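Please look over the sequence and the 3D structure shown here before reading on. The briefing that follows takes up one topic at a time.

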Amino acid sequence: METPDIKTLLLYGLTTALAISFFRSRQQSTIPALGETSGLISSYLSALRLFRHPDEMITSGYLKDRNGVFRIPMLFRWDYLANGPQRVREVASVSEDILSFHEGVDENLQTTWTMGPEIVHNPYHVLAIRGSLTRNLSRCFPEVRDEIVNAFDDVLALEGEEWKLIKVLPATMQVVGRTSNRLFIGLPLCRDPEYVQLNIDYTVTIFARGQLIRLLPEFLKPVIAPILSSRKSSLRHALKFLKPILDERLEQENKFGRDRPDRPNDLISWLLDDAVDEERTTPALAMRVLVTNMGAIHTSSTTLTAALYDLAMYPAHIGPMREEAERVVAQEGWTKAALGSMHKIDSFLRESQRLRGAAAVAMTRKVVAKDGFEFADGTTIPYGAFVSVPGTPVHLDTLNYDQPEVFDGFRFSRIREAVRTGHDHTDDDAGADSGEGNGKERKMFNLHMIATGTEHLVFGHGRHACPGRFFAATELKAMLAHILINYDIKAEEEGVRPPDMVFGLFRMPNANGKIWMRKREGV
Ligand code: HEM
């Protein structure tokens, strides 16, 4: 079969878009809408306005009724946004058969076609990440640390004490790609530039192909989506690297079982702990490695990039965090437990995520219950619709944070310190959504980088909160501490932070931004 040409694809896309928008413009709802609902053109113009000014528009919907629900115009549909801590808790806790995270991702990224239906219907890799991977972080930390040191050396390639202008995002992608794969697959593959690049590119490919496939009418997908999808070619490329390793590991597992002293402690073993039937094959395992990389690389490298822009923009934070990193490492060495004592570094990363890490919306779910999803107050979201919660507006709400617009890197460590020393007089139940224990204990926990809450949504919240965040926090804190101890850093232009890039509801740090770096004297 021949690949359809671009004109044919555009024609399909346009026809579908028009049909859907016609339907959309007629959709009735009592839930207030942002923008025009009355006509085809006007509703498209509203969708376009939302694409260009997402934060501004969604904030206006949020502030109109902080506990309400409102609709926003997307290209093909109306999405619902639920405001207020009570509704965030409801969305966070409802089961997959009512509000589905995976069906939502499937529709937005066309997972069925781009990665395979088993990723939607049997996401067992999530269990491996939340369980075994997280439990093994302390034990695997020496390898993670070793890779961080080597990767920064190789990628920055700094000589002597000369300042060098570094393009941040490509550098952090390489470092995070290598470090993640040191944990997932180990040496020497984690240092193979082609393998690392394949994993970096995979996410971009999935997003691009997924958007194209989304334009197709459902009845054409079984025929055209496999041609547009890169699923087979990406898998073939991954197998070039992973097949020998996976073949051997499956053979050993079948021969000797899992209880053997020389069983490697890596993602392959953690996946094999839960993989059954057709998942215990080389291609199926290779696909899970790709998918785990997809969750890990871009998220963590954009977080580190944003934090480095903040470090260069607000250099007064460098001294106290450097002092903390040097002191803790001198006392405890480079261990995962030592990172737990780096409160300022943890706080800085959390603050950077609060201001730069949230998109305009968070926690997107698809309503899959046939009767729709009903909030406790009776507000109902219809079957098939998408519901999310506002992201940036929550992080910038004065009800949640003091002077929310201000970057205050030690905002969270200061409160932790005040709670620890008994000088904190704010409400003991503040942010009581996450963490265990009562009062003081819970409040301390809620301020850690990995703590999610109704007022901190960068990792989502509730049953689908990012399972990789414990690893992400470990590697990011170790990376920032390493940078502070070993390098000097300053903005390309003093006082100027490269502007974030915003594409509709997505936000990321500037991909072309640069900072100056040099090796510190005497280290
Ligand atoms: C700073 C880094 C990271 C950020 C900001 C981040 C953010 C997120 C967010 C927002 C979600 C969706 C939560 C929701 O809708 O409730 C998510 C889910 C997920 N993340 Fe992360 N993530 C990061 C790192 C990682 C890493 C390192 C891994 C893998 C080791 C990972 C694997 C996943 C997976 C598998 C899911 C899907 C969870 C599910 O199916 O229930 N993430 N992440």
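**A buried arginine and the model behind it**

Arg-77 is buried, its relative accessible area being 15%, where buried means under 20% relative accessible area, exposed means over 50% and partly exposed lies in between, computed with a 1.4 Å probe on protein chains only. This is a predicted model, in which local features need a pLDDT of at least 70 and side-chain atom pairs count only at pLDDT 80 or more, while totals for chains, interfaces and linings use all residues. Residues are numbered from 1 along each chain as its sequence is written, and side-chain values use heavy atoms, with hydrogens and water left out.

**Confidence**

- The protein chain has an average pLDDT of 91, and 90% of the residues score at least 70; pLDDT is the predictor's confidence in each residue, on a scale from 0 to 100.
- Over residues 428-436 pLDDT stays under 50, and for this stretch the model has 25 contacts beyond four places in sequence, a contact being heavy atoms within 4.5 Å.
- The scores of the model are ipTM 0.99 and pTM 0.92.

**Around Arg-77**

- Arg-77 is placed in the loop between strand 1 and strand 2; helices (H or I, at least four residues) and strands (E, at least two) are DSSP runs, numbered from the N terminus.
- The side chain of Arg-77 is joined to that of Asp-79 by a polar contact of 2.6 Å, and it makes another polar contact, of 3.5 Å, with the side chain of Asn-108.
- A polar contact is a pair of N or O atoms within 3.5 Å; within protein, one must be able to donate a hydrogen and the other to accept it, and residues adjacent in sequence count only if both atoms are side-chain atoms.

**The ligand and its iron atom**

- The ligand is surrounded by 24 residues, of which the closest are His-102, Thr-303, Arg-365, His-464 and Cys-466; a residue is near a molecule or strand if one of its heavy atoms lies within 4 Å of it.
- By class, this shell holds twelve nonpolar, ten polar and two charged residues, where Ala, Val, Leu, Ile, Met, Phe, Trp, Tyr, Cys and Pro count as nonpolar, Asp, Glu, Lys and Arg as charged, and the others, Gly among them, as polar.
- Helix 15 (282-313) is among the elements that supply at least two residues of the shell, and its five residues are the largest share.
- Oxygen atoms of the ligand lie 2.7 Å from a polar side-chain atom of Arg-365 and 2.6 Å from a polar side-chain atom of His-464, while a nitrogen atom of the ligand lies 3.2 Å from a backbone N or O atom of Gly-295.
- The iron atom of the ligand has a single donor from the protein, the SG atom of Cys-466, 2.3 Å away; donors are N, O and S atoms within 2.8 Å of the metal (3.2 Å for Na, K and Ca), and water is not among the atoms, so sites may look incomplete.
- Cys-466 itself sits in the loop between helix 21 (439-446) and helix 22.

**Buried helices and an exposed glutamate**

- Helix 18 (residues 343-357) is largely enclosed by the rest of the structure, because twelve of its 15 residues are buried, including Phe-348, Leu-349 and Leu-355.
- In helix 4 (residues 85-93) the buried residues are Arg-87, Val-88, Glu-90, Val-91 and Ala-92, and they pack against several strands, including strand 5 and strand 6.
- Glu-374 belongs to strand 6 (residues 373-374) and counts as exposed at 53% relative accessibility.
- Leaving aside neighbours within four places in sequence, Glu-374 is in contact with Glu-90, Thr-379 and Thr-380.

**Backbone features**

- Most residues other than glycine have a negative phi, and most peptide bonds are trans.
- The peptide bond from Leu-187 to Pro-188 is cis, with omega near -5°, and Pro-188 is located in the loop between helix 10 (168-184) and helix 11 (193-214).
- Gln-110 has a positive phi of about 55° although it is not a glycine; this residue lies in the loop between helix 5 and helix 6 and is buried, with a relative accessible area of 5%.
- Asp-277, in the loop between helix 14 and helix 15, has a positive phi near 50°, and it is exposed, with a relative accessible area of 63%.
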